[in-house]
Structures are given as structure tokens and as C-alpha cells.
Amino acid sequence: MHELAIANSILEAARAEAVRRPGARLLRVGVRVGELSGVEPEALSFSFEALVSGSDLEPLALEIETCPRRQCCPECGRVFRVVDYEVACPDCGAAETRCISGDELEMVYLELEGL
Amino acid sequence: MNRIPLEKKVLSENERIAAELRARFEEHGVFCLNFLSSPGAGKTTLLERTLEGFAREERVAVLTGDIQTDNDARRLARFGFPVKQITTGGACHLDARMVERALAAWSVDKLDLLLIENVGNLVCPASYDLGEAAKVVLLSVAEGDDKPLKYPAVFFRSDLLILNKIDLLPHVPFNIAAARENARRVHQDIEILEVSALSGAGLEDWRRWLEARRRAARRAPAPVPAAPIVTG
């Protein structure tokens, strides 16, 4: 339920970028959400649309790229996607592997027109 | 139409304030912990037992977050240490600015230990860095042993898992071994303690963990000077 606060942070960041580019109109903002980030993409989209609807930012759209959890095996170097929390290396069987992605919550791009 | 790449965190404003808080804590040697759990897992009781164990001269303070009421602050103030309630008025988590504001009236340099009790919620508080040295998550055995798999973010980001209310184990279908395994599937390096804040079981382990981490933090910030190169 903190997705509303997260959506608001995205809008504030987008607004701040737009202010630096007078005359440009915001069209779309892209974010990256990891599956370990604790942020639910659907709830985030819903919150974002609710905040934008009827505001001066309309029709700003949100594009969410979801990122799976990936681990790296220190033994054989294999990088693999984790499914069902199975973190052992699928190649060499090493039990201890290192998480290298999956908790992202990042702004990736802004699309503007009239720049 | 133009696309501008923006590689920055969504919560960069929160992270900026959290980084300032962390720098202040390190500068003044304050060890800060952020306690997270679902409502009713025993954060306040664990903090009561923790404060109870400290000598009067211990320089410890507590910030406690709730959506409404100052009940927790009143419970915690009985031990004579500074306590401040942060009432979020609806927000489901604490953020770094709330902590910054709550600390404004205190002299951080007069503290050695700051304990922050987050709003009871196993999801949202995990996204907000408060400048702490570590997050501690509590899971009570009255909840399910699969909670780490259902709510991975908070377990992924916590250094320590406290399995609380172990005095209830004979009465609930909670499988401690399964809970440990589930937590480690989410976060391989998470440390785990079994505690009953009510009966006192396991509290010594918790105090040892806390003291060991405080000692390590005191040693860590001072950079080790490079050894002089002796030639000839």
C-alpha cells in the first residue's frame, strides 16, 4: 500500500526533470521494479494513474520493467535467474551464490515532446 | 519526441536524507537499528526488555512509529531513556525525513545507540532507508513460517531475523526449521535468533548480538592507516 507514495515520488522526480526543460511536455516515464523490491507493479500502475488523472500531468504514462532476481555463482561464474527461491547454482550445484539483481526501484527514462 | 535516460533511484530524495543521517550517526559514533515486523510481532516488548537491561548511564534513545496513538512511546518511556513517538497520520512506513525531523530536538552527539521501531507492516517499511546501520526483522511464531517467502523484501534487506514468541511454540503449528530455511532462501546470510521477549528466553543471545555489532561498528569507521613501506 506504499505504492501511492512511490508513485508520488516518481511524479515528483519527473516534474523536477520537466522544470529543467521549459516548453517540454512529459509523455512517459520508465521505471525498473525488482521482484525483491517490495513494490507491486500493478498497485504502482493503479496509483500512478490515479495521481495523474485530472492533473496537469495528464496524459503522462508509466512503463514498468520488472526485474527478476539473478544470482551469480562464485564457483563457476554462472549467472542465473532464480525461480521459486532456488538459489543453488544450476550448473555446478554450489549452494552459496550471490544475489546480483532483483531489488531495483529505479527511474530509467523520461519521454518528452517539444524539447 | 525525445527520450532522456535517467539512471536514478525512485526514492533518491529519501536516500539522500538517509545518507546524511547515516553520515551524522557515523560521525558521532551512534549505532542505529531499524526494527521491522508485522503488527503485533513484539517489537515494542523486545525494546522494553532491551531498555530494561541497560545501565542508567547508557546513552540510548528510541524513536517509535505508529499510524496513531503514543501508546508505544509511553510504554518505552518508563525506562528513563529519551523516547519520541512519530505518528505518521496514515502513512504505512517511516521515511528518512520523519526521522530527521524527530531528531531535530535531540543532540545526536549525546547518543551511542538509536533504536527505531518502524510502523507495524511487513511490506512498505522495507523500501525506506532511515540511515540505520542494520535492519532487524521480527517474525512471531503466531504468524506463518512461510512469511519470508510471501514478503521477501523485508527479509532480503534485514541483517537479523528474530523469531519471537517462542514460548508459544507448543500451542501453534509453526515450524522453526522451515522458517529458518525459508528466510535463508530469501537471504542466505541473514542471522537468526530465537527469542521470547515475554519469557526472556533467548534475550541473552539478542544482547550479545547487539553488543557485538556495536563493537564492530565502533571499530569499522576508523580507516586503518596504510603501513609504512620500510625499505633497506
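Biologist: How many bridges join strand 6 of chain B to strand 7 of chain B?

Modeller: Five bridges. Strand 6 covers residues 134-140 of chain B and strand 7 covers residues 160-164, and they run parallel. Strands pair here if DSSP finds at least two bridges between them. Helices (H or I, at least four residues) and strands (E, at least two) are DSSP runs, numbered from the N terminus.

Biologist: Which residue stands opposite L139(B)?

Modeller: L163(B), in strand 7 of chain B.

Biologist: Before I go on, where do the numbers come from?

Modeller: Residues are numbered from 1 along each chain as its sequence is written, while chains are lettered from A and ligands numbered from 1 in the order in which they are written. This is a predicted model: local features need pLDDT of at least 70, side-chain atom pairs count only at pLDDT 80 or more, and totals for chains, interfaces and linings use all residues.

Biologist: What is the mean pLDDT of chain B?

Modeller: It is 93, with 95% of the residues of chain B at 70 or more. pLDDT is the predictor's confidence in each residue, from 0 to 100. The model has ipTM 0.86 and pTM 0.90.

Biologist: Back to the sheet in chain B. What order do the strands have?

Modeller: The order is 4-3-5-2-6-7-8. That is an open sheet of seven strands with parallel pairing. Strand 4 (83-87) and strand 8 (191-194) of chain B are the edges, each pairing on one side only. On average, neighbours in this sheet are turned by 20° against each other, direction ignored. Axes are lines fitted to C-alpha atoms, for helices over the stretch in contact, and angles run from 0 to 180 degrees between N-to-C directions.

Biologist: Which strands does helix 8 of chain B lie across?

Modeller: Helix 8 (residues 203-219) lies across strand 2 (31-36), strand 5 (113-117), strand 6, strand 7 and strand 8 of chain B. The angle to strand 8 of chain B is about 145°.

Biologist: Now A61(B). Is this residue buried or exposed?

Modeller: Buried, because 22 other C-beta atoms lie within 10 Å of A61(B). The cut-offs: 20 or more other C-beta atoms within 10 Å is buried, 12 or fewer is exposed, and in between is partly exposed, with C-beta atoms placed from the backbone. A61(B) sits in strand 3 (residues 60-66) of chain B.

Biologist: What is A61(B) in contact with?

Modeller: Leaving aside neighbours within four places in sequence, F81(B), P82(B), W106(B), L111(B) and L114(B). Contact is defined by C-beta atoms, placed from the backbone, that lie within 7 Å. L51(B) is ten residues from A61(B) in sequence, and 9.2 Å away in space, C-alpha to C-alpha.

Biologist: New topic: the contact between the chains. How many residues does it take from each chain?

Modeller: 27 from chain B and 27 from chain A. On the chain B side, the elements that give two or more residues are strand 1 (2-9), helix 1 (12-27), helix 6 (152-156) and helix 7 (176-186). Strand 1 of chain B gives the most, with eight residues.

Biologist: How do the residues on that side of chain B divide?

Modeller: 16 nonpolar, five polar and six charged. Ala, Val, Leu, Ile, Met, Phe, Trp, Tyr, Cys and Pro count as nonpolar, Asp, Glu, Lys and Arg as charged, and the others, Gly among them, as polar.

Biologist: Which strand of chain A do bridges join to strand 1 of chain B?

Modeller: Strand 6 (residues 105-113) of chain A, by six bridges, running antiparallel. E106(A) has K9(B) as a bridge partner there.

Biologist: And M1(B), what does this residue touch?

Modeller: L27(A), E111(A) and E113(A), not counting residues up to four places away in sequence. M1(B) is in the segment before strand 1 of chain B. M1(B) is exposed, with 10 other C-beta atoms within 10 Å.

Biologist: Over to chain A. What pattern does it follow along the sequence?

Modeller: α-β-α-β-β-β-β-β. That makes two helices and six strands in chain A.

Biologist: Why is chain A more spread out than a compact globule?

Modeller: Its radius of gyration is 18 Å, well over the 13 Å that the globule rule gives for 115 residues, so chain A is more spread out. The radius is taken over C-alpha atoms, and the rule is 2.2 Å times the number of residues to the power 0.38. The C-alpha trace of chain A spans about 55 × 30 × 15 Å along its principal axes. In chain A, 32% of the 115 residues are buried.

Biologist: Which strands are at the edge of the open sheet in chain A?

Modeller: An open sheet of three strands has the order 4-3-5 in chain A, with antiparallel pairing. Strand 4 (79-81) and strand 5 (98-101) of chain A are its edge strands. Strand 3 (residues 70-72) of chain A pairs with strand 4 of chain A over three bridges. R70(A) has R81(A) as a bridge partner in strand 4.

Methods
Contact = placed C-beta atoms within 7 Å.
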